[in-house]
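Student: Could you walk me through this structure? I have not looked at it before.

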Amino acid sequence: MLQDFNICINTQFVFGKDAHKQVGEELKKREIKKVLIHHDNGKFLYDTGLLETVRKKLEEVGIQTLELGGVLPNPRLSLVREGIEIAKREGVDFILAIGGGSVIDSAKTIALGAVTDVDVWDFFTGKCVPSKSLPTGVILTCPATGSESSAVTVVNNTELGMKLLVSDPLIRPAIAFMNPELTCSLPRFLTACGVTDMFSHVCERYFAPDDEIGVVDRMCEGILKTLVDIGPKVLNDLANYSYRAEIMWIGTIAHNNTVGIGRTQDWATHEIGNELSALYDTPHGATLSIIMGAWMRYTYKKKPERFARYAQEVFGVDWDGSNTLDAAYQGILKTEEFFKGMGMPVSFHEFNISTDKIEEMLDRIAFNGEDQAIGGLVRLNREDCRNIYKLAF
């Protein structure tokens with residue numbers, strides 16, 4: 001039985017070949033006058049002419065443009081503040097991200113800060129709640145995080161060593177231009193990181209404390225099974241439009257909450273893994289592949305039937321009801337094999353991450369509630385998270 005929910009996914013999707021070339025006419029329909037184009041200064045933007053094409057399409061319909069490049073993985077609060085200053089000074093009325101999750105999150109955060117006198121970091125620490133935002137749009141070039149239609153933004157405050165998020169429907173992008181052709185030149189590792197991120201986004205919703213298997217669970221299983229099939233294939237055929245299109249759309253539906261509605265979600269893997277990004281600047285996809293198997297090993301005996309079902313439906317593990325723990329464990333092994341097969345790390349050691357700062361990472365995890373814990377499937381306190389880090393060594 002689905003729990004009560006309230007959701008509005010108000011992002012317009014323009015999907016397909018040359019989708020990005022519609023940016024001018026679509027923003028003109030929205031009566032946009034001045035756009036801040038936000039990106040990472042990547043060589044791809046210039047070598048392909050993408051940045052110039054976007055600029056021309058906007059200017060052809062009378063929309064003024066400004067630019068702010070320089071977004072890094074795990075987007076920095078310092079650049080966000082620079083963008084807020086530009087947006088306020090120049091009277092920008094739309095933020096357009098060209099890139100992947102880091103650029104999109106940076107753009108969303110600029111949009112939040114551009115319409116308030118409050119320090120934007122206060123939204124991340126919970127001191128203030130957003131009440132408005134500039135509209136944002138996305139030209140997606142790196143499918144992974146699903147940020148192009150999610151209600152979440154994540155920013156890294158390097159001065160404090162904290163990576164925090166804001167979750168609010170206000171920050172869902174108004175429009176996303178999704179041309180799979182723009183992703184065909186992504187290298188293997190970034191592609192694998194994206195697939196891992198999508199996979200984990202679905203798992204955070206699938207591994208719920210509910211017992212009943214319903215339509216949302218079957219949607220999750222279908223997505224996960226498709227990723228297990230397509231993930232290795234796209235790495236062996238990086239320019240395959242069909243695979244790229246599948247992955248691009250999966251990234252979107254994996255994180256706009258269509259497969260997470262009406263249930264208690266988990267998110268412990270993300271919260272534990274995010275501290276690796278905050279402290280070591282580890283790529284987000286790698287933090288997830290490192291932590292997910294350890295989290296599964298630590299929690300699966302608390303909910304073995306759900307893990308066994310996952311093993312059966314996603315990886316084809318035999319489960320007859322009497323071998324539940326064994327089937328569940330086989331699913332965990334196959335999850336790690338899937339990540340390894342795409343060249344992703346499944347331990348600290350495989351990514352050369354130090355193991356001597358666990359307490360520092362634990363200090364930064366936002367344990368909450370009366371039990372001072374995280375997670376939805378199993379509530380995990382500081383000692384539990386310490387043990388998961390150690391399992392991931």
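Predicted model: local features only at pLDDT ≥ 70, side-chain atom pairs only at ≥ 80, totals over all residues.

Student: Let's start inside, then. Which residues touch the most other members of the largest nonpolar core?

Tutor: They are Phe199, Tyr310 and Phe348, in a core that has 62 residues. Helix H7, which covers residues 188-206, gives the most to this core, with 8 residues.

Student: What does Phe199 touch?

Tutor: If residues up to four places away in sequence are not counted, Phe199 touches Leu224, Leu227, Val228, Met292, Tyr310, Phe315, Thr335, Phe338 and Phe339.

Student: Switching to the outside, which residues form a nonpolar patch on the surface?

Tutor: Leu2, Phe5 and Ile7 form such a patch, and together they have about 240 Å² of accessible area. Phe5 is found in the segment before strand S1, the strand that spans 12-15.

Student: Is Phe5 buried, partly exposed or exposed?

Tutor: Phe5 is partly exposed, because its relative accessible area is 44%, and that label applies between 20% and 50%.

Student: New topic: how many disulfides are there?

Tutor: The count comes to 0 disulfides. Cys142, for instance, is in no disulfide, and the nearest cysteine sulfur to it, that of Cys193, is 8.5 Å away, whereas a disulfide needs the two sulfur atoms to be within 2.5 Å.

Student: Is Cys142 buried or exposed?

Tutor: Cys142 is buried, with a relative accessible area of 18%.

Student: What about Cys184, how far is the nearest cysteine sulfur?

Tutor: For Cys184 the nearest cysteine sulfur is that of Cys142, which lies 13 Å away, and Cys184 is likewise in no disulfide.

Student: What is Gln265 in contact with?

Tutor: Setting aside neighbours within four places in sequence, Gln265 is in contact with Glu204, Arg205, Asn257, Gly260 and Gly376. As for Gly113, the C-alpha atoms of Gln265 and Gly113 are 28 Å apart in space, and the two residues are 152 residues apart in sequence.

Student: Which residue forms a salt bridge with Arg55?

Tutor: Glu52 does, with the closest N and O atoms 2.1 Å apart. Glu52 counts as partly exposed, at 35% relative accessibility, while Arg55 counts as buried.

Student: How many salt bridges does the structure hold?

Tutor: The structure holds 21 salt bridges. One of them joins the side chains of Asp47 and Lys43 at 2.5 Å, N to O. Both residues lie in helix H2 (residues 43-47), 4 residues apart, about one turn of the helix. Asp47 counts as exposed at 54% relative accessibility, and Lys43 counts as exposed at 64%.

Student: What does the bridge between Asp363 and Arg382 tie together?

Tutor: Their side chains meet in a salt bridge of 2.8 Å, N to O. Asp363 lies in helix H14 (residues 358-364) and Arg382 in helix H15 (residues 382-391), so the pair ties together parts that are 19 residues apart in sequence. Asp363 is exposed, with a relative accessible area of 54%, whereas Arg382 counts as partly exposed at 29%.

Student: Which residues are linked with them in a network?

Tutor: Glu359, Glu383 and Arg386 are linked with Asp363 and Arg382 in a network of salt bridges.

How values were computed
Residues numbered from 1 in each chain as written. Heavy atoms only, no water. Core = buried A, V, L, I, M, F, W, Y, C linked by side-chain atoms within 4.5 Å. Buried < 20%, exposed > 50% of the residue type's maximum accessible area, 1.4 Å probe, protein only. Helix = DSSP H or I, 4+ residues; strand = E, 2+ residues; numbered from the N terminus. Contact = heavy atoms within 4.5 Å. Patch = residues over 30% accessible without salt bridge, like charges linked within 9 Å, V, L, I, M, F, W, Y side chains within 5 Å. Areas by Shrake-Rupley, 256 points an atom, 1.4 Å probe, with all protein chains shown as cover. Salt bridge = Lys/Arg side-chain N within 4 Å of Asp/Glu carboxyl O.
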